[in-house]
Every structure is written in structure tokens, then in C-alpha cells.
Amino acid sequence: MVLKVLAAAVNAVLPSKYYVHAFISILVIVVVRAFARGRTTNRERDMHARVVLLTGGFTPLGLTLMQNLAQRGAHIIALSPKPVQDPEVEILINLLRSTTKNDQIFADECDLTSASSVRSFCSRFLTAKETRLDGIVFAHEYQQLGSIIGRQDSAILTQERQNASLASFLILTLLLPILLVAPAERDIRIINVVNPFYAAAAPSFSPTSKPPPSSPVFHQEGWRSLQMIVFTRHLQRVLDALPSGGQVPKTDDSTIHVVSDKVQKSNIVAVSVCPGLSRSDTIAPLLNAVRGRNQSIFGIVLYMLLQPFLRLLAKSTTSAIQSVLHVLFLPTPFKSNARQGTDAPEEVLKAGALYRECAVVNLRIQSPVTADAADAQVPDDGELGGVHLGQAVWEGLEDALKEWEKVNPQGDEKVGCDDGLSVDTQGS
């Protein structure tokens, strides 16, 4: 009786002649949803005793990434623009510690919009008792800057984009010496997380010709993303060109395969990662549906109304971090697990590459017209615009950094706070 009533109700809502249409519609939705979510990493790695420095740790993507790394035992130092005594920072850190059962999660104050604050943090870190770093993840440049709703000061947005890139460049410049003197056996990774609009700037990218403030927000964001992708590739060229005597790690473990230094010459690997379109970090800022001075009521309402489509077509933060986890978990060419009883090659991390959807992106960027391979200071592999484009981006960042530091003289540095969340008191 109950089944008959249920069948009658179903037929009243959806006549039997529409069953095939309904099935096909559901199938299409499932397939589109699976495609939009992207790939999930099939790798895993024990992160215990590995120290990861994370910028942008208090963005939606950064918090999800912190949680996943903490669950695997990582020792995390998250940079916060707010003082570590701020209630929001304390609550989030304590919540992560309790839910992941990992007490090795710390915050340290570092305003990435201020060169003096960045120098102050790096100075505190370099003079601390423990200066080990196994990874640096620059996640602060992933979050969207600029909106398609409302009016925003283009000059301010342009400066914010530049400051974010310069903060990454300055941190690397100051911390690279301790990475270079680390034991050759240590697997060190530098990861730049970039926004998904790099393709918009690829056809006309030039490091000496920034897009005007009046250009579309996607082009400006794409230029910023592409700049850091090219910089990361050139950073790997520089690392590989350094003297490599004794860099191939020695091991007595027969299950570890150590490859030739022709494949990878440095134990430091730099890669770029694009997590794709995220609801929280990409779509919401585009609609001004985030808390802040430019918050738009119309944008918030529109964001809520679009939720059914965004849930289908855009990623959650859990899906977005999969590519970041993939490049953290993949073995490097230096050390890869030997597969017993099979000739199948194992996937290894490609140094200097751009990753998206847990795979390498073969992005073509035009090299400078006047480029001459004979003038290159490091070998030219031709990837991501080649060595001359990489050098131009590097030199452009150096020049911009000098101007940025003039605006933020070193004497204006903030004094670090020595408390339970700061770098100065972190455990070994």
C-alpha cells in the first residue's frame, strides 16, 4: 500500500515518459560536477618533523591547507597581518591545534603589505634557535584582488598586487641563504600559489609593460599570476646553476632510488600551483561578497542566489588545495620510491613547472624578440618564455623592491611579539 502511494506521488510529480530525461539530466549534472571539482591527489606523505612556512594562512584556502598539513603532522608557521594576540588569530590557531591534535601550529605577525614588517619577521626567524625550513608556501597571492561589481580605486589595487608579489620575492631573498646551507639530504620545496587567470595575459605578456589600470580585472590578475609563474621557473634555473658538488644525497636505503643530477641539480625545488576557480577565494571577491571596506550588499545577495550554480561549477577549498597537496607529496627526482617488480615509471615532481589539476601545464609564453641564447647567464631550457624572460621578470622585481623599501624604510619595522604563537617560542 505504501509503495503504491509512493509510486502514485512520483508519477504525479514526474510522469513515466520523462524518466529517461530525468536520468540523463542527473547524469549530466554529476559529470559536470565531477569535472568542475577537478582531480584529487592520489599521493600521501608523512609530514611529521617537517617545517612549513605559510603565507595567506588565514584565507579560506590557507586555513584548509593548514588543517590538511596539520593532520599529517606538519610543523606550521602561518604568517598573519594581525598581531598574534588578536582574538581571531588565537581562536583559529587553538581550534586547529585541538581538532588536528597537533600542537606544532604557530602564527607570527607579518604584514605582507609592508617591506619593513617582512624584514622584521625574517630577522626574527633567522636569529631564532631553530631555523629549519622544509617548505615555503606562498598562498597569499591566490585570493582574487579586484571586483566586477562596484567601483574600486585601480591605482590602489595595482599597488596591492605589486606589494603581494614583492613580499614573496623579499621573503625568498632573505630566507634563501639558510635553505642553501641546509643538508643536501633535505627535500625543500618552494611553492607559489597563483590565481587561475594567467591565460588571459599569456598572449601579450611583457615584464616591462604592465597592463594599464583601466584594463579588465582578469587581465591584471592574469599578469600578476604569470609574472610569478615565470619568476618561479627562473628561480629553479638559478638554483640548478649554483655549484652542485656533493648535492646528490647519499643513502644506504635500497628502497630509495637516487637519480642523476642531470634530472635535478638542487635539493630545493620551486614550483607554481594553480588551484583553479574557488568559490571562497575567487568568485566571492569578484562579486565583492567578502567582509571588508568594499563589501557590497548587492554582491552578497547575488553570490547567495548563484549558489546552486557555483556549487556545481566552482570548487570548494577542499577541492582547490588538491594540486597544492599533490606537489607537496610527490617525490622529487632526487628521491623516489623504487617500484618493486614493475617497470612502470613513477611520477616525480617537475622542478620549476606550473601544476594545475595535479598535472603539469604546458604553458607557452613568447620569448623576448631580442633574446640571444649566447647572452644567457644560466642555461636556457626554453620553458615558460625562456631564460631571458625570466631574467627580465627577476630584474623587474628587484627594481620594484628597491622602490618599495624606500616607501617602507627599515627603521619603521614592527617589533615582534614573543608569545606562545610566535616563531620565537616554537617547539623543536
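This is a predicted model: local features need pLDDT of at least 70, side-chain atom pairs count only at pLDDT 80 or more; totals for chains, interfaces and linings use all residues.

Q: Why is the meeting of Asp187 and Arg45 called a salt bridge?
A: The side chains of Asp187 and Arg45 have an N to O distance of 3.6 Å. A salt bridge needs a side-chain nitrogen of Lys or Arg within 4 Å of a carboxyl oxygen of Asp or Glu, so this pair qualifies. By this rule the count comes to 11 salt bridges.

Q: What makes this pair a link between distant parts of the chain?
A: Asp187 and Arg45 are 142 residues apart. Asp187 sits in the loop between helix H6 (154-180) and strand S5 (188-193), while Arg45 belongs to the loop between H2 and strand S1 (51-55).

Q: What makes up the nonpolar patch on the surface?
A: Its members include Val20, Phe23, Val31, Leu306 and Phe309, and the patch has about 930 Å² of accessible area together. Patch residues need over 30% relative accessible area, with nonpolar side chains joined within 5 Å, and therefore these residues count as one patch.

Q: Which helix gives the most to the nonpolar patch?
A: That is H2, with 7 residues. Val31 is found in this helix. Helix H2 (19-37) and helix H10 (307-313) each supply at least two residues.

Q: How do you know that H3 and H12 meet?
A: Leu65, Asn68 and Leu69 in H3 meet Val324, Leu325 and Leu328 in H12. Contact means heavy atoms within 4.5 Å, so these residues place the two helices in contact. By class, the contact has 5 nonpolar, 1 polar and no charged residues. The helix axes come within 10 Å and cross at roughly 35°, and the crossing is right-handed.

Q: What makes up the contact of H3 with H4?
A: Leu63, Met66, Gln67, Ala70 and Gln71 in H3 meet Leu92, Leu96 and Thr100 in H4. By class, this contact has 5 nonpolar, 3 polar and no charged residues. The axes of H3 and H4 are 9 Å apart, at an angle of about 35°, in a right-handed crossing.

Terms used. Residues are numbered from 1 along each chain as its sequence is written. Side-chain values use heavy atoms; hydrogens and water are left out. Patches are made of residues with over 30% relative accessible area and no salt bridge: like charges are joined within 9 Å, nonpolar side chains (Val, Leu, Ile, Met, Phe, Trp, Tyr) within 5 Å. Accessible areas come from the Shrake-Rupley method with a 1.4 Å probe; for residues, only the protein chains shown count as cover. Helices (H or I, at least four residues) and strands (E, at least two) are DSSP runs, numbered from the N terminus. Axes are lines fitted to C-alpha atoms, for helices over the stretch in contact, and angles run from 0 to 180 degrees between N-to-C directions. A crossing is left-handed if the near helix is turned anticlockwise from the far one by less than a right angle, and right-handed if clockwise. Ala, Val, Leu, Ile, Met, Phe, Trp, Tyr, Cys and Pro count as nonpolar, Asp, Glu, Lys and Arg as charged, and the others, Gly among them, as polar.
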